[in-house]
Amino acid sequence: MCVVDCTIMTRRRFSNTAFAALAVLGIPAVACAEPSVVTVHASNFQFTPSKIQARVGEETILRLTSDEGVHGISSSELGISKTLIVPGKSVDIAFTPATAGTYRLHCANFCGSGHAEMLLTVQAEK
Ligand SMILES: [Cu+2]
């Protein structure tokens, strides 16, 4: 039985008191396998939001769209192969951080003068 949606935002809003109440009742608070879905917009020359959070050992789906320009994303550390982000299309990329840490994902497709500073930070926590 899954009582709590697996999104990080929901988990944060769920109080410790509520978790304790579920534990007393013998109901696992987080037992679902639904991945978190995080929508990130690419534009010239930033990702919005520029920083996201993920859980170690839990799948996160990055839902990427471009508001302007053709951008890209990749991360060998997170197992994300180079993927283009094109205006008018949405692309989902699943990843599961194996270890806690801060991962910096630079735009993987040259997009213009601000390309070098175009960064998405993934903070992976246990
Ligand atoms: Cu770029």
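How many bridges join strand β1 to strand β4, and do these strands run parallel or antiparallel? The legends below take this up, starting with the whole chain.

**Figure 1. The predicted protein in overview.** This is a predicted model, in which local features need pLDDT of at least 70, side-chain atom pairs count only at pLDDT 80 or more, and totals for chains, interfaces and linings use all residues. Residues are numbered from 1 along each chain as its sequence is written. You will find 2 helices and 9 strands here (DSSP runs numbered from the N terminus: helices are H or I with at least four residues, strands E with at least two). From the N terminus, the order is α-α-β-β-β-β-β-β-β-β-β. Of the 126 residues, 18% count as buried, with 20 or more other C-beta atoms, placed from the backbone, within 10 Å of their own.

**Figure 2. An open sheet of 4 strands.** The order is β2-β1-β4-β7, with mixed pairing; two strands pair if DSSP finds at least two bridges between them. Because β2 (46-48) and β7 (90-95) each have a single partner strand, one side of each is left without a neighbour in the sheet. From one strand to the next, the twist averages 30°, taken between N-to-C directions on a 0 to 180 degrees range, with axes fitted to C-alpha atoms.

**Figure 3. Strands β1 and β4 side by side.** Here is the reply to our opening question: 7 bridges join β1 (residues 36-43) to β4 (residues 60-66), and the two run parallel. Look for Val-37, whose bridge partner in β4 is Ile-61.

**Figure 4. The β5-β6 hairpin.** Strands β5 (residues 71-75) and β6 (residues 80-85) run antiparallel, joined by 4 bridges. Gly-72 has Leu-84 in β6 as its bridge partner. The hairpin has 4 residues between its strands, and Gly-79 in the turn shows a positive phi of about 70°.

Technical notes
A residue is buried if 20 or more other C-beta atoms lie within 10 Å of its own, exposed if 12 or fewer, and partly exposed in between; C-beta atoms are placed from the backbone.
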